[in-house]
Amino acid sequence: MAKPGKGRRFIISSFLFIAFLCTIASINEVRFNQLLGFSRCALTYGSYNSSLDDAILPIKSSDDEIRILLGILTLPDQYPRRHFLRLVYGTQKVVGARVDVKFVFCNLTKEDQKVLVALEIMQYNDIIILNCQENMNKGKTYTYFSSLPDMLIDESGSESGSYPPYHYVMKGDDDAYFRLNNLAESLRPLPRDDLYYGYTIPCKEMNPVGRYMSGMGYLISWDIVEWLKDSDIPKKHLEGPEDKVFGDWMQEGKRGKNRHNAKWSMYNYPDPPSSCTHELWPDTVAVHLLKRQDKWVRTLEYFNATQDLKPSNLYHIH
């Protein structure tokens, strides 16, 4: 039988050993948090807060699933383009985020559109029809953003599902290729309020403060969507290049204090070369000016868009 003194010494030694392990763990946790903070600071390159004299943005961390609406502005008669883009976006995998891609155009004006577009809606449910006459630079973008709050409220007057329905809303061109997972990942460290995100114009400019974002695709947080609906500022200034006009609204309304320049994750197709172009590279969010099928094909090949194609006896693609 063990002596009582030895038992007490064993208990005291065990207690001291456990306390020592807890102390080491606490020190390592502090060091880990310091390293994590350092790495997060590195990820904020390209983001600015104009109210803080261009200081780096604080990190917005959340475990919530990011909800993004990507509205692609197009025309009712662009049936082949929409079907093609459904293939492009429907085959992309997005992890830890919800990205809804919708095609946006104004009121239908032809009898055939009323039949064919109705069939598209029945099959895909991915079309938004705005109450406007089709136009490029006379208020279509404003109608898109400002209509969303009312569109996303059900008939009883309450919000449908989570609020906000989307954390971010994006306007995109139909000749741009958006890599949805990269888009979502680029938004994770950014604020979810007063955010204005895109490719800063002019092309050589990296500081987005006082600038505007290219019409290839720019994104705003939901609070700015609601501001656009209620503010008189956009209503007084609707005509002109839509991306520049949008930037004017942000400046006059002192909105978009949190700005993120996504250059060079967003860029124009490399051919023909210009100050706005960039070679295709893995960290891409969007490639613009895909005006021809061969440019689409080269882009899709580069990003290995068919990598998830399963082998089958029904086809042989090498």
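These legends go with a set of close-up views of the predicted model shown above.

Residues are numbered from 1 along each chain as its sequence is written, and side-chain values use heavy atoms, with hydrogens and water left out. Because the model is predicted, local features need pLDDT of at least 70 and side-chain atom pairs count only at pLDDT 80 or more, while totals for chains, interfaces and linings use all residues.

**View 1. The disulfide between C106 and C132.**
Here the two sulfur atoms sit 2.0 Å apart; a disulfide is a pair of cysteine sulfur atoms within 2.5 Å. By this rule the count comes to 2 disulfides. The link of C106 and C132 is left-handed, with -85 degrees about the S-S bond. C106 belongs to the loop between β3 (97-105) and α3, and C132 to the loop between β4 (127-129) and α4, so the bond ties together parts that are 26 residues apart in sequence. Helices (H or I, at least four residues) and strands (E, at least two) are DSSP runs, numbered from the N terminus. Both C106 and C132 are buried, where buried means under 20% relative accessible area, exposed over 50%, and partly exposed in between (1.4 Å probe, protein chains only).

**View 2. The disulfide between C203 and C276.**
In this pair the S to S distance is 1.5 Å. The torsion about the S-S bond is about 60 degrees, so this disulfide is right-handed. Distant parts of the chain are linked, 73 residues apart: C203 lies in the loop between β8 and β9, and C276 in the loop between β12 and β13. C203 is buried at a relative accessible area of 9%, and C276 is buried at 15%. With the bonded cysteines of the protein numbered in sequence order, the pairing reads 1-2, 3-4.

**View 3. Two cis peptide bonds, at P202 and P272.**
Take a look at the bond joining I201 and P202, which is cis with omega of about 5 degrees. P202 is placed in the loop between β8 (200-201) and β9 (212-213). A cis bond also joins D271 and P272, with omega of about 0 degrees; P272 is in the loop between β12 (266-268) and β13 (286-288).

**View 4. Strand β11 (residues 258-261) and its partner β7 (residues 195-198).**
The two strands pair in the parallel sense over 4 bridges; pairing requires that DSSP finds at least two bridges between them. Y196 stands opposite R259 in β11. Both faces of β11 are covered, with N258 and H260 buried on one side and R259 and N261 buried on the other.

**View 5. Positive phi at D194 and K254.**
Neither of these residues is a glycine: phi is near 50 degrees for D194 and about 55 degrees for K254. D194 is in the loop between α5 (180-187) and β7, and counts as buried at 11% relative accessibility. K254 is in the loop between α7 (242-252) and β11, and counts as exposed at 61%.

**View 6. Helix α4 (residues 140-151).**
At 1.5 Å a residue, the 12 residues of α4 should span 16 Å, and its end C-alpha atoms are 16 Å apart, which agrees. The expected span is 1.5 Å times one less than the number of residues. Most of α4 is covered, as 10 of its 12 residues are buried, including Y142, Y144, F145 and L148.
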